[in-house]
Amino acid sequence: MDYNPREIEQKWKKYWEENEVYKVSNLSDRPKYYVLDMFPYPSGSGLHVGHPLGYIASDIFARYKRLTGFNVLHPMGYDSFGLPAEQYAIQTGIHPAISTEKNIQRYREQLENLGFSFDWSREVRTSDPSFYKWTQWIFMQLYQHYYDNDAGKALPVSQLAERFATKGNSGLNAVCDEDTPSLAAAEWNAMSEAQQQLFLLKYRLTFPEESYVNWCPALGTVLSNDEVKDGVSERGGFPVERKLMKQWSMRITAYADRLLFGLDEIDWPESLKEQQRNWIGRSQGASVRFALEENPATKIEVFTTRVDTIYGVTFMCLAPEHDLVEQITKPEQKEAVKQYIKWTASRSEVERMAEVKQVTGEFTGSYCINPFNGEKVPIYIADYVLAGYGTGAVMAVPSGDQRDWNFAKHFGLPIVPILDAQKNMDQAADDTKEGRYINSGIINGMVYEEAIPTLIKWLEERGLGKGKVQYRMRNAVFSRQRYWGEPVPAYWKDGVPYLIDESELPLLLPPVDKYLPTETGEPPLGRAENWKYKGKYEYELSTMPGWAGSSWYWYRYMDPGNTEAFAGPEAIQYWQAVDLYVGGSEHAVGHLLYSRFWNHFLYDLGLAPEREYAKKLINQGMIQGVIEFIHLEKSEGKQKRFVSADLLDQYPDTEWAMIPVHVDFVSEYGKDHSYLNRNGIDQFREWRPDFREATFITNAEGKLVTKSEVGKMSKRYFNVVNPDDVVARYGADCFRMYEMFLGPIEQAKPWDTQGIDGVSKFLRRFWGLFFNKQGAFEVSEEQPSKEELKVLHAAIKKVREDIERFNFNTCVSAFMIASNDLKKVNCNKKAILEQLVILIAPFAPHVAEELWHRLGNPGSVHRDAGYPEFNPEFLKQDAIKYPIAINGKTRATVDFPVDATKEELEKAALELEAVQKYIDGKTIRKVIVVPKRMINIVVG
RNA sequence: GCGGGUGUGGCGGAAUUGGUAGACGCGCUAGACUUAGGAUCUAGUGCCGCAAGGCGUGGGGGUUCGAGUCCCUCCACCCGCACCA
């Protein structure tokens with residue numbers, strides 16, 4: 001009987017569903033294990049073969065863990081709020097909930113087609129009110145807490161208010177707005193209710209504030225920093241501008257240190273951790289205040305990581321936007337400074353980045369005083385100083401910093417060396433920390449490690465500065481002027497925000513007539529009719545960003561139906577943290593940083609069991625596609641001409657545009673000589689009517705040779721392979737094994753449809769082991785031979801070890817080897833094959849289930865079997881194959897008894913004819929014998 | 001520029017502790033079976049060479065009896081960050 005995956009797979013999928021084989025209980029005496037896949041956004045275009053790679057790996061691991069005695073949670077759900085559904089709604093008027101539902105169904109079908117062991121009864125969706133109720137609830141907790149540095153955690157704002165009433169904010173060490181003034185108890189008590197509320201906003205972990213944000217006019221919303229790439233929106237690639245707006249913000253900076261140092265505790269890919277470290281951008285240094293020469297009461301504050309270079313300061317640089325610029329500019333410089341500011345303001349981000357090397361700036365005419373040596377320091381403005389970083393002012397040390405050096409050279413400013421190890425000062429700056437200080441007042445003769453504390457102590461004693469830690473990371477903008485997101489559970493009264501009552505959660509997304517801003521420029525929620533809190537107060541009209549729901553969702557899977565909490569304490573206590581998290585590296589600084597932030601916060605409240613929610617994370621690599629291009633002559637107006645790629649050298653001065661072609665039209669696609677034949681060209685013409693009249697210059701064989709590249713699998717390149725098509729032809733088991741077989745899980749690799757034949761053949765051969773020549777199922781009850789047991793246990797050892805290391809590709813090889821070896825000895829013994837069926841079950845769940853039942857077992861192999869145990873006894877050998885090398889080159893391989901001693905081996909090896917041939921007439925200098933490994937004879 | 005990663009046959013990749021480099025699969029070559037082959041089976045397949053033999057893990061150097069693996073140095077590619085003080 002032939003292996004028929006379609007029939008088998010349908011049958012067992014149905015069986016698993018009907019018998020709830022993958023249902024997971026929170027009550028189990030087995031140890032728990034939590035395997036999580038990154039939350040997918042259910043896009044309208046469905047899955048391509050790259051998407052399931054991580055799901056297959058996590059499914060194999062989950063099934064393996066289950067068979068080795070764990071109670072495994074392996075859920076799936078949808079991050080179903082998001083921009084694409086709303087863009088679609090704007091175009092079509094269809095409510096995003098409806099299109100999202102449709103997309104989810106399609107996603108679910110595609111996922112089910114692949115035989116995953118998800119417990120679908122735990123499916124969650126962020127756009128479901130029973131889910132976003134708890135997103136809103138967590139938001140409310142953030143609003144009601146502030147970060148206390150002394151306690152090292154979040155504490156209730158109610159405690160803060162009590163403290164203000166008795167002590168004001170003196171002695172309080174809490175994270176707050178930069179501009180928070182000191183406050184006496186009397187002042188607090190004299191405040192109105194509204195004033196008090198506004199003051200508390202300076203401390204709350206989420207709060208509305210006026211700030212410059214990334215405004216994307218095309219999307220009609222603000223974006224967070226991680227949603228902007230190279231000055232355009234990540235979604236859609238639209239221009240983004242800076243705009244001053246009132247926005248809800250998350251005080252993630254309060255957790256900067258914990259987010260940074262927490263990385264050391266988790267087993268995540270190094271590159272991903274590095275990206276987060278980069279994003280957080282912690283720099284340790286000092287802030288120093290330079291008094292103005294003519295007005296010593298006014299100080300310019302700078303932040304530096306190299307306070308040890310302070311005696312090398314020869315000028316000061318302010319950002320053109322700096323507050324003091326206007327005040328300090330002398331009349332003679334006014335016009336030039338004005339022009340410079342105007343010029344910098346006119347330049348776009350892109351221009352500024354492109355002209356990094358060009359030195360520009362302007363002298364203000366004023367001076368400030370270096371607090372250490374009292375020297376006059378000229379003050380310049382320059383756009384290499386960023387207004388948004390630090391204080392917007394830089395103490396320039398041209399001897400130690402290349403940008404300062406360039407600036408000094410350009411304006412003829414002095415360059416003062418400060419370390420005796422600095423070299424070639426006339427060529428470039430030298431940022432060394434080696435050597436001893438010179439020209440440096442109180443630190444002369446010291447080394448770096450001594451200088452820093454000496455200087456900071458000096459500054460702090462005089463109140464002229466202090467040691468300081470600075471972060472690149474900003475607070476995260478949390479509102480979006482969009483419809484399809486969680487409503488913020490807050491309303492406004494006289495310009496002051498208040499939370500709605502907890503009993504009123506969830507605050508439902510109201511219906512609107514259109515998904516566009518109102519005529520007055522308010523977000524779409526402004527269109528909702530009679531949508532007022534208690535009938536009179538305006539609700540917050542912006543919604544939450546895409547990352548809100550995904551910042552805590554893994555808890556919901558633990559207890560999806562809970563109406564009293566986002567997840568019950570017993571459920572959380574049982575499941576604890578995620579043991580294995582699988583997903584793409586594109587979420588490195590978005591989801592994976594925000595979710596850590598929320599988890600730290602929930603931990604502070606005693607609601608999360610561990611600081612870090614994902615112990616181990618692996619990134620699956622991208623599956624790439626072949627992109628096929630044809631060469632179009634670049635010419636204005638003329639007849640459009642495509643030229644075969646092998647004829648290009650006949651057109652030496654021509655420039656070519658590369659036009660992607662649908663890979664289905666290309667013959668022998670993916671190969672060097674891939675081409676369009678007549679038929680392919682006609683298909684292309686049909687498909688791209690704008691090229692219907694074009695000329696196609698083919699080679700002598702009538703082929704239009706294409707250019708093949710390996711790249712992204714994407715709609716844009718018309719090279720998307722749909723897993724449904726692969727499954728229809730080869731079966732889900734084959735698809736799963738092939739994706740694993742392609743290579744290491746974390747590596748990018750190209751999809752090659754031809755290669756799948758190898759796995760398909762293997763599955764048929766494996767199936768064939770259970771059938772006799774007449775095609776009937778037949779296994780033998782005979783005792784297995786030593787050789788057969790060896791094959792089995794070699795496979796068990798390899799597969800078990802490699803799964804533990806997430807090396808799924810080599811597991812597939814191991815199955816192939818075992819199957820080939822058993823075929824050679826025509827083994828059909830039940831004792832061997834049954835073990836192999838269980839061993840392969842995590843990889844090829846359907847065929848394993850079929851064979852498990854055919855072998856006469858009840859229930860399900862995925863629930864009722866135990867994973868095969870490795871027994872080293874069966875791998876013991878009587879003889880070992882020794883490679884025998886002469887001078888490191890293998891010249892023979894010979895079997896020797898396993899218990900042969902070093903001396904015996906040496907003697908036997910030297911007597912071998914094959915060895916004699918090489919050592920004849922030469923001196924044996926040394927013989928290296930490594931028992932059970934190899935023998936090397938050194939001759940000279 | 002800084003940080004992280006990767007370089008092994010025609011291709012995807014294997015080699016877990018320094019011990020037979022190229023497992024497994026694709027592709028290719030030859031043969032068998034067949035009305036047919038994009039089916040199946042058998043054999044071969046790192047490169048050069050008729051062979052003996054030589055050469056081979058990005059390049060160069062080193063340690064070692066022995067290096068894909070360890071050390072130094074250079075190169076290429078990918079990813080991230082980037083006037084960040």
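**Close-up views of a predicted protein–RNA model**

**View 1. Surroundings of Gln-422.** The backbone oxygen of Asp-430 lies 3.0 Å from a polar atom in the side chain of Gln-422. This is a predicted model, as are the views that follow. Gln-422 sits in the loop between α14 (402–411) and α15 (448–462). Its relative accessibility is 12%, so Gln-422 counts as buried, the cut-off being under 20%. With neighbours within four places in sequence left aside, the residues in contact with Gln-422 are Ser-399, Gly-400, Pro-417, Asp-430 and Thr-432.

View 2. Asn-857 is placed in the loop between α27 (845–854) and α28 (861–864). Asn-857 counts as buried because its relative accessibility is 17%, against a limit of under 20%. Not counting residues up to four places away in sequence, Asn-857 touches Glu-834 and Trp-852. The contact with Glu-834 includes a polar one between the two side chains, at 2.9 Å. Towards Trp-852, the side chain of Asn-857 reaches the backbone oxygen at 3.0 Å. Lys-907 is 50 residues from Asn-857 in sequence, and the C-alpha atoms of the two are 55 Å apart in space.

**View 3. Protein surface around RNA strand B.** The view takes in the 53 residues around RNA strand B, of which Thr-305, Arg-403, Leu-742, Arg-805 and Met-816 come nearest. On the RNA side, sugar and phosphate make up 58% of the atoms of RNA strand B that come within 4 Å of the protein. By residue type, the surface near RNA strand B divides into 19 nonpolar, 16 polar and 18 charged residues. The elements that each supply at least two residues of this surface include the helices α10 (270–280), α23 (756–768), α24 (786–804) and α25 (808–824). The strands β11 (299–304), β33 (889–897), β34 (924–930) and β35 (934–939) also each supply at least two. Helix α25 provides the largest share, 6 residues.

View 4. Which part of RNA strand B does the side chain of Lys-798 approach with an N or O atom? It is a base oxygen, at 2.7 Å. The side chain of Arg-805 likewise has an N or O atom 2.7 Å from a base oxygen of RNA strand B. Arg-805 is also listed among the residues that come nearest to RNA strand B. For Asn-820, the RNA atom is a phosphate oxygen, which lies 3.1 Å from an N or O atom of the side chain.

View 5. Four strands form an open sheet in the order β33-β32-β35-β34, with mixed pairing. β33 and β34 are the edge strands, each pairing on one side only. From one strand to the next, the twist averages 20°. Strands β32 (residues 879–886) and β33 run antiparallel and are joined by 8 bridges. Within this pair, Ala-879 stands opposite Pro-897 in β33. Helix α29 (residues 902–911) lies across β32, β33, β34 and β35, and runs at about 125° to β34. Three strands of this sheet, β33, β34 and β35, are among the elements that each supply at least two residues of the surface near RNA strand B.

View 6. Phe-207 has Ser-249 in β9 as its bridge partner.

**View 7. Strand pair β24 and β26.** Strand β24 (residues 623–633) is joined to β26 by 6 bridges, and the two run antiparallel. His-631 stands opposite Met-658 in β26. Is β26 (residues 656–661) mostly covered or mostly uncovered? Strand β26 is mostly covered, with 5 of its 6 residues buried.

Note on methods
Residues are numbered from 1 along each chain as its sequence is written. Chains are lettered from A and ligands numbered from 1 in the order in which they are written. This is a predicted model: local features need pLDDT of at least 70, side-chain atom pairs count only at pLDDT 80 or more; totals for chains, interfaces and linings use all residues. Side-chain values use heavy atoms; hydrogens and water are left out. Two strands pair if DSSP finds at least two bridges between them. Buried means under 20% relative accessible area, exposed over 50%, partly exposed in between (1.4 Å probe, protein chains only). A residue is near a molecule or strand if one of its heavy atoms lies within 4 Å of it. A polar contact is a pair of N or O atoms within 3.5 Å; within protein, one must be able to donate a hydrogen and the other to accept it, and residues adjacent in sequence count only if both atoms are side-chain atoms. Ala, Val, Leu, Ile, Met, Phe, Trp, Tyr, Cys and Pro count as nonpolar, Asp, Glu, Lys and Arg as charged, and the others, Gly among them, as polar. Contact means heavy atoms within 4.5 Å. Axes are lines fitted to C-alpha atoms, for helices over the stretch in contact, and angles run from 0 to 180 degrees between N-to-C directions.
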